[in-house]
Amino acid sequence: MISLENLTKYYPSAAGKQFVFEDINFTFPQGKNIAILGSNGAGKSTLFRIIAGSEYPNRGQVRTELSVSWPVALTTGVHPLMTGRENTRFIGRVNGVANLDDYEKKVIEFSELGEKFDLPVRTYSSGMRSRLSFACCITIDFDVYLIDEATSVGDLKFRKKAKKALLNKKNSANIIMVSHDLSELELFCDSAVILHEGQLEFYDNLEHAIDIYKRL
Amino acid sequence: MAKVLHRSLSKIWLDVIYAIFLREVKSKSSDRFGIAWSVVSPVVFIFMLSYLRGKMDGGDTHGIPTFFFMVYGMIFIQFFLGLVNSVSTAIKKHKPLYAFRQVQPISSILAITLFESLVKVFVILLIGVICFILKFDIHISDPFSLLLNLLKLAVFSMSIGVIFSLATCYVPEIDKIKTLLMRPMFFISGVFFSLQDVPQEYWPYLTWNPVLHAVELTRYAVYPEYGNAGVSDFYLNVFTLTSLGLALACYHVSWKQAISR
């Protein structure tokens with residue numbers, strides 16, 4: 001269960017404070033795979049980053065006793081001058097992985113980088129970079145995975161693999177996902193939150209939510 | 001799948017600082033010279049300048065061999081400038097890492113301070129070894145004060161760096177002003193001259209500078225006959241504590257805003 005308490009977030013600008021959320025109270029129900037729906041600029045990514053703890057609200061707080069991943073799909077925290085292995089160990093250390101060597105092996109296996117794993121990330125293609133960061137995240141046991149259009153990384157083969165890994169996770173963990181690809185959301189999620197004009201609304205049925213979202 | 005440990009808050013802090021520290025080391029050792037360059041380059045600079053100045057001067061400056069007079073001044077000013085410059089970019093530098101909720105700007109600041117300080121410790125050790133090999137007469141009357149002054153210098157340099165670092169997140173132009181402010185520091189901190197060489201009526205224009213105090217007090221600590229005219233331990237202590245307090249206060253109120261821009 002992740003609950004938002006009196007959450008307020010604004011960005012200062014020349015035209016005054018631009019509020020993204022103002023005093024919202026909301027609880028993400030437990031055991032659901034939730035899609036976040038909302039038009040461009042509705043604040044999906046901001047909400048996402050606040051839940052992940054990557055960004056901080058101006059007022060209020062996010063309360064949860066679950067372990068939540070960082071927002072996947074970005075090449076977060078990957079240093080171009082460091083090798084894939086060094087980056088993996090960095091991410092493992094920061095997240096408190098118990099056995100770094102074992103973690104490393106699983107990341108190599110999942111990312112299919114092979115020898116490239118010991119070369120600087122600078123030399124990787126963008127698909128390879130995303131594969132590395134996706135592998136780093138999915139290999140760690142979290143209760144909730146925050147996924148931002150993640151399965152669009154890499155080539156077709158890797159996408160299938162990523163989807164399979166995420167579907168396997170559905171049993172042991174939950175997913176909160178942002179994507180503009182509705183078919184992808186239908187594959188992973190069973191319920192949805194619609195973010196509209198700074199308000200959140202939960203829908204137990206994804207189809208129903210998508211209908212409403214389309215009419216917004 | 002990889003299990004995650006349940007860590008105490010202090011353990012998370014240490015792990016994160018250690019991880020960023022390693023990252024810092026790795027990113028500095030990307031070329032052939034590697035991390036050694038961070039040590040060798042200042043040593044060569046300090047040593048050459050001090051040696052030449054010592055040769056030209058020939059004797060001593062107010063009771064200190066001119067070589068050592070210069071060495072202490074150069075080490076201190078380089079420590080100060082190095083730390084202020086690297087800490088003042090610390091928050092922005094690791095911005096992508098704050099996506100991990102465990103990483104906060106202060107971990108980046110502490111890791112970078114630790115890295116810079118260690119590099120400078122090696123610089124000092126290497127200069128010591130070179131002096132030993134060349135059979136220079138190393139004389140330190142009060143090693144404890146020497147270390148304490150270095151520590152105070154590190155603390156207030158870091159604090160100044162933190163304030164600049166936060167300020168540049170709000171107003172990026174501050175960085176340019178910082179460069180302008182730092183430039184004269186090399187010349188007004190008593191590296192090339194002693195405060196005793198300056199006519200007393202001009203002292204107030206120089207003695208606001210804590211680096212000058214640290215430099216002169218250190219020369220006094222290693223050679224008591226040098227004297228401590230015009231500088232005060234009390235001022236250095238107060239400045240160190242005040243700047244640290246101010247830096248922590250500024251950090252506390254503004255870090256969340258500073259990184260969400």
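In chain A, five strands form an open sheet in the order β5-β6-β3-β7-β8, and their pairing is mixed, where two strands pair if DSSP finds at least two bridges between them. Helices (H or I, at least four residues) and strands (E, at least two) are DSSP runs, numbered from the N terminus. This is a predicted model, in which local features need pLDDT of at least 70 and side-chain atom pairs count only at pLDDT 80 or more, while totals for chains, interfaces and linings use all residues. Residues are numbered from 1 along each chain as its sequence is written, and chains are lettered from A and ligands numbered from 1 in the order in which they are written.

**The five-stranded sheet of chain A**

- The strands β5 (144-148) and β8 (199-203) of chain A stand at the edges with a single partner strand each, so one side of each is left without a neighbour in the sheet.
- From one strand to the next the twist averages 20°, with axes taken as lines fitted to C-alpha atoms, for helices over the stretch in contact, and angles running from 0 to 180 degrees between N-to-C directions.
- Strand β3 (residues 34-37) of chain A runs parallel to strand β7 (residues 191-196) of chain A, and four bridges join the two; L37(A) stands opposite I194(A) in β7(A).
- Helix α7 (residues 206-215) of chain A lies across β3, β7 and β8 of chain A, and runs at about 20° to β7(A).

**The three-stranded sheet of chain A**

- Another open sheet of chain A has three strands in the order β2-β1-β4, with antiparallel pairing.
- Its edges are formed by β2 (16-28) and β4 (59-64) of chain A, each of which has a single partner strand, so one side of each is left without a neighbour in the sheet.
- The twist in this sheet averages 25° from one strand to the next.
- Strand β1 (residues 2-13) of chain A pairs with β4(A) in the antiparallel sense over five bridges, and S3(A) stands opposite R63(A) in β4(A).
- Helix α1 (residues 44-52) of chain A packs on this sheet and touches β1, β2 and β4 of chain A, its direction making about 125° with that of β1(A); here two residues are in contact if their C-beta atoms, placed from the backbone, lie within 7 Å.

**Chain A as a whole**

- Chain A has seven helices and eight strands, and its C-alpha trace spans about 50 × 40 × 30 Å along the principal axes.
- A compact globule of 216 residues would have a radius of gyration near 17 Å, and the 18 Å of chain A agrees with this; the radius is taken over C-alpha atoms, and the globule rule is 2.2 Å times the number of residues to the power 0.38.
- Of the 216 residues of chain A, 44% count as buried, where a residue is buried if 20 or more other C-beta atoms lie within 10 Å of its own, exposed if 12 or fewer, and partly exposed in between, with C-beta atoms placed from the backbone.

**Chain B and its helices**

- Chain B has eleven helices and two strands, and buried residues make up 39% of its 261 residues.
- The axes of helix α6 (residues 143-170) of chain B and helix α10 (residues 210-222) of chain B come within 9 Å and cross at roughly 170°.
- These two helices, α6(B) and α10(B), are therefore roughly antiparallel to each other, since angles under 35 degrees count as roughly parallel, over 145 as roughly antiparallel, 65 to 115 as roughly perpendicular and the rest as oblique.
- The residues of this contact between α6(B) and α10(B) divide into eight nonpolar, three polar and one charged; Ala, Val, Leu, Ile, Met, Phe, Trp, Tyr, Cys and Pro count as nonpolar, Asp, Glu, Lys and Arg as charged, and the others, Gly among them, as polar.

**Where the chains meet**

- The contact between the chains takes 29 residues from chain A and 25 residues from chain B.
- On the side of chain A that touches chain B, α2(A) gives the most, with five residues.

**Positive phi values**

- D23(A), found in strand β2 of chain A, is a residue other than glycine with a positive phi near 50°, and D23(A) is exposed, with 12 other C-beta atoms within 10 Å.
- K135(B), which is not a glycine, has a positive phi of about 60° and is found in the loop between α5 (105-133) and α6 of chain B.
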